[in-house]
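Please open the structure in your viewer and keep the sequence beside it.

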Amino acid sequence: MKLNSTRLVIATAMLLAGGNAAEAHIVAARLGDFYMGVVHPLTDLQDVVLWTATGVLAGTLGAAKGRWLIALFPLGLLVGLLLGQVFGAASTQLADAAMMLAIGLLLAAAAQVPTVLLCAMAFAVAVIRGAANGADLAPETDRLLFAAGLTCVGYAAITLTMALTAVFKRTNSDSATSWRAIAVRALGGWIAAIGLMMASLALAP
Amino acid sequence: MRAIPYLRLALLALMLALAVLMRPSALSAHEAAMGVLEFREVRPGAFVGRWSIEPSIGASRVDLRVPPHCFLRLPEMNCGAKGLVGPITITNLGSNMSVVLIKVIPIEGEPRSYTISTANPVVSVLGTGAPTLEVWLELARTYVNYGIDHILLGADHLLFVLGLIWIVGSGWRLVKTITAFTIGHSASLAAAAFGLIGVPERPLNACIALSIAFVGVEIVKQQRGEIGLTARYPWIVAFSFGLVHGIGFASALAGLGLERRLLPAALLFFNIGVEIGQLAFVLLVLALIWAHRRLGAVVPRWGEALPAYLIGSVSMFWFFGRLARVFVVI
Amino acid sequence: MSLRLPLPLTTAIVSFALTQPALAHEQAGVAGGLVSGLLHPVTGIDHLIAMVAVGIWGAQLGAPAIWILPITFPLVMAIGGVLGVLHVPLPMPEVMIAVSAVILGVAVAARLRLPFAAAALVVAVFAIFHGHAHGAELPRAANALAYGVGFVTATGLLHLCGIAIGTLTRWPAGERLIQGLGAGIAAIGCYFLAQGVGAFA
């Protein structure tokens, strides 16, 4: 079982890392705008870090709290995409960094985040990233297909990340100092550190 | 109790609206200037290329890419000992130029034509003589990719597979069912590609849509506690509908302009590509089902019929659309 | 345990090696940021030995240091990094970094057992100086997030290396080896300290 879950985590990490290699625009030429929507966030480091952080946080809090995100996260992406189209693109770097810092700190502290707060944060992440993903669309892109692809990949990514984390951490009754709990908290600390550095670089003169 | 028919009606309307939104990306056949580029082999591996019909944007502005081992400076192109084998791409096909026809006239052997269009900006040139290692590799690369692309873009095939998974669940039964589907579509793909059977494309597409609707009905039956044909003999259903879908694959393959002399190999590689895509899809669906179970996020009782109605409505929408195309030329 | 390690490790290395050229291929900004972030903490010997020393010391101190440090250490480094990026001046950064290597090396060699709060304070102060140095030398052109990811990952991995070395303390011979290592770290720190003071004077 230990071996299994380790493999699962590594496989996911490899999938995410491998996603980086794909080039969204070539995919669009080959497979159309739906798959462009699917691949676009996987090639963006901001999306990979933030989606993983959100999924891991929800997964550690347990299935009862996390399962709301299955619907909420894709919905947020859709809303963000829409808002981005209506109000025009803005730089999301600072917002990304702030969300990374907040989610990372909550993870590192192993805080028992209430469901409402978790949902609100996940929705905020989704809206920010949805707007960012829609920002550099070429005018000939079919928005509807792109949105469908983005929603699908958001749903699949968040669901799988939550389930994998839940399996990795097993139960809430695991002691706070088991190596699994520590690994998750350390990941949170690292994500918060990344967010902090990114915020300072965004603010730097 | 009385509310249920209305609920169903509302669901149906919702699904139909969804299906309308999921319109196939129309390949608008807008007329635009066509270009014809001719490559005539003068020495082995060396070609002289010229535009016999110049595209309206001007020949110099066409962004033509030839295989990396070929050196192109029009009118000359030198491919060395490997010959002209590999992908030819035109990247800036767009509003002003929709189709370019490339003619390759070798020293010996038949001349060949390749069509590059907006929908298909890359063509693979496979030489003309006896196939070399380069030709095999290029063939494999090209047709495995075609196969993957075809299954990933074939929403109807994926929906059918999804329906099968929904009915038989995971485990050994699923392996058998998917294998049966694979054998079925491989057999009919081969038969159709070799010309053993010929089915007109439009009625066939309507049939494919109907097969998905059948799976939708079977799901509803299963949920009502009836044991349908699919639940009892999933592999028989999968095999027979696999035959239908395979002919569909063949018509897609025919659209790619396959060369007769390399047909068996191309068929094999295309099929491998289809299986890779299908396996990836099945694994993704299984992973998501596992994740949902793990998170305790299963479909609530009132929504159990939703997926079946979704599958059914989308497929019936396709069916009527395709049926219309059987009788009316759109 | 010994059976389980190689698979994840090789997988990680292979996947990293596979990803690298692909990243370099398209997004020069992201690749540049990631690579410079990863390499930055590793290339300076004084930084490198101090990071490893913190890990070893944490392992020697045992719980709770051994599990609190991996969680908080990159974070405190990042706080230092923020100060560096914003060019908030700290007193004598070069000297402090060398001093940190000396003190941490001595702590490891002498198996110094401070109360956790005191040890954490020492480590935190040094971490801020190290982070500050990295932040101040940051390449401007690089993608900020990619640099952060690379930097934090490299720091964290160095720290884990230290902890892994530190687990040798369970065996007497390993204990001796680690004390020798600590002395070596202190010696290298002394060399950098002499250099830093020389430059300062």
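In what order do the elements of chain C run from the N terminus on? Select chain C in this predicted model: its elements run α-α-α-α-α-α-α-α. In number, these are eight helices, with zero strands. Colour chain C by burial next; 46% of its 201 residues count as buried. Among the contacts in chain C with a separation of 6 or more, 89% are accounted for by residues 24 or more positions apart.

Now turn to chain A and select helix 5 (residues 69–87) together with helix 8 (residues 143–169). Their axes come within 8 Å and cross at roughly 145 degrees. The crossing of helix 5 of chain A past helix 8 of chain A is right-handed. To view the contact itself, display the following side chains:

- From helix 5 of chain A: Leu69(A), Ile70(A), Phe73(A), Pro74(A), Leu77(A), Leu78(A) and Leu81(A).
- From helix 8 of chain A, which they meet: Ala147(A), Leu150(A), Thr151(A), Gly154(A), Tyr155(A), Ile158(A), Thr159(A) and Met162(A).

Sorted by class, this contact of helix 5 with helix 8 of chain A holds twelve nonpolar, three polar and no charged residues.

In soluble globular proteins, nonpolar side chains tend to be buried together. The largest nonpolar core has 164 residues, and those touching the most other members are Met100(A), Ile191(A), Ala193(A), Ile194(A) and Ala53(C). Helix 9 (residues 179–203) of chain A contributes the largest share of this core, 13 residues.

Which residues is Ala193(A) in contact with, leaving aside its neighbours within four places in sequence? They are Pro74(C), Leu75(C), Met77(C), Ala78(C) and Val152(C).

Finally, move to chain B and select Glu304(B), in the loop between helix 8 (263–294) and helix 9 (306–327) of that chain. Is Glu304(B) classed as buried, exposed or partly exposed? Glu304(B) is partly exposed because 13 other C-beta atoms lie within 10 Å, whereas a buried residue needs 20 or more and an exposed one has 12 or fewer. Beyond its neighbours within four places in sequence, Glu304(B) is in contact with Gln223(B) and Val299(B).

Note on methods. Residues are numbered from 1 along each chain as its sequence is written. Chains are lettered from A and ligands numbered from 1 in the order in which they are written. This is a predicted model: local features need pLDDT of at least 70, side-chain atom pairs count only at pLDDT 80 or more; totals for chains, interfaces and linings use all residues. Axes are lines fitted to C-alpha atoms, for helices over the stretch in contact, and angles run from 0 to 180 degrees between N-to-C directions. Helices (H or I, at least four residues) and strands (E, at least two) are DSSP runs, numbered from the N terminus. A crossing is left-handed if the near helix is turned anticlockwise from the far one by less than a right angle, and right-handed if clockwise. Two residues are in contact if their C-beta atoms, placed from the backbone, lie within 7 Å. Ala, Val, Leu, Ile, Met, Phe, Trp, Tyr, Cys and Pro count as nonpolar, Asp, Glu, Lys and Arg as charged, and the others, Gly among them, as polar. A nonpolar core is a set of buried Ala, Val, Leu, Ile, Met, Phe, Trp, Tyr and Cys residues joined through C-beta atoms within 7 Å.
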